[in-house]
Amino acid sequence: MTLEPPSPASMRRDYTAREALLEPAMAADWTTQFAAWFIEASGFGLPEPNAMIVASATPSGHPSARTVLLKEYDARGFVFFTNYESRKGAELAANPHASLVFPWFPMQRQVIVLGTVERVTRAETEAYFASRPRGSQLGAWASPQSTVVPDREAVDAGLEAVRERFGDGPVPPPPHWGGLRVLPETVEFWQGRSNRLHDRLRYRRTGDDLWVLERLAP
């Protein structure tokens, strides 16, 4: 028997789990507010609370998006690591603007970031790379990320070649691999509310270390 897929148009869920998100309850800065929500997300049972969607675009405006893992955040911004020669690496080098989305849907929350992108220092990349499992270190060397490969066997053969190359010795980070930091210009805290009248409070940069908190219409 062939099952009919459900109609997306008929899928509805009213967001009633949370009280209003009001300005007086927000932290003085986005970093403190994000830390508070991230602590809650980490204890909520989400499979990977540090998973975030990264959207980039070519200089001509063709967008692309994918999910990566946040590895660090502070007042400077949000850091993730990637192959600089991958699609996102190339796009962010040519057009250093990105959007991030933390899709914490079971919590009826999202965090949405817009900002510019810069590379982290090589020392930061080396420190993080040294903390990775050896298999992930080897994988960074083995995969020509985002390029067309003939089959899975080619991927496995690449990993085996890297294993032979490094043997039991240390694995340094590849020269084409490293961290990217998204320096936020806006950080929006989205919380679901009934009747699609969601709460959207956004920190927006107005100057060096100057931010304003504003409410967006749902």
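Guide: A salt bridge is a side-chain nitrogen of Lys or Arg within 4 Å of a carboxyl oxygen of Asp or Glu. The model before you is predicted, so local features need pLDDT of at least 70 and side-chain atom pairs pLDDT 80 or more, while totals for chains, interfaces and linings use all residues. Residues are numbered from 1 along each chain as its sequence is written, and side-chain values use heavy atoms, without hydrogens and water.

Visitor: Which residue forms a salt bridge with D156?

Guide: Side chains of opposite charge can pair when their charged atoms come close. Here D156 pairs with R152, and the closest N and O atoms are 3.1 Å apart.

Visitor: Where do D156 and R152 lie?

Guide: Helices are DSSP runs of H or I with at least four residues, strands are runs of E with at least two, and both are numbered from the N terminus. D156 and R152 both lie in helix α5 (residues 152–166), four residues apart, about one turn of the helix.

Visitor: Is R152 buried or exposed?

Guide: Buried means under 20% relative accessible area, exposed means over 50%, and partly exposed lies in between (1.4 Å probe, protein chains only). R152 has a relative accessible area of 55%, so R152 is exposed. D156, at 39%, counts as partly exposed.

Visitor: How many salt bridges does a search of the whole structure find?

Guide: The search finds 16 salt bridges. One of them joins the side chains of E40 and R18 at 2.9 Å, N to O. E40 lies in helix α1 and R18 in the segment before α1, so this pair ties together parts that are 22 residues apart in sequence.

Visitor: How many aromatic pairs are there?

Guide: A pair of aromatic rings is described by the distance of the centres and the angle of the planes. Rings of Phe, Tyr and Trp (its six-membered ring) pair if their centres lie within 6.5 Å; planes under 30 degrees apart are stacked, over 60 edge-to-face, and the rest tilted. By this rule the count is 18 aromatic pairs. The rings of F34 and F38 are stacked, because their centres are 5.7 Å apart and their planes stand at 10 degrees. F34 and F38 are four residues apart in helix α1 (residues 30–42), about one helical turn.

Visitor: Which residues form one aromatic cluster?

Guide: The cluster consists of W30, F34, F38, Y73, F78, F102 and W104. Of these, F34 is buried, with a relative accessible area of 0%.
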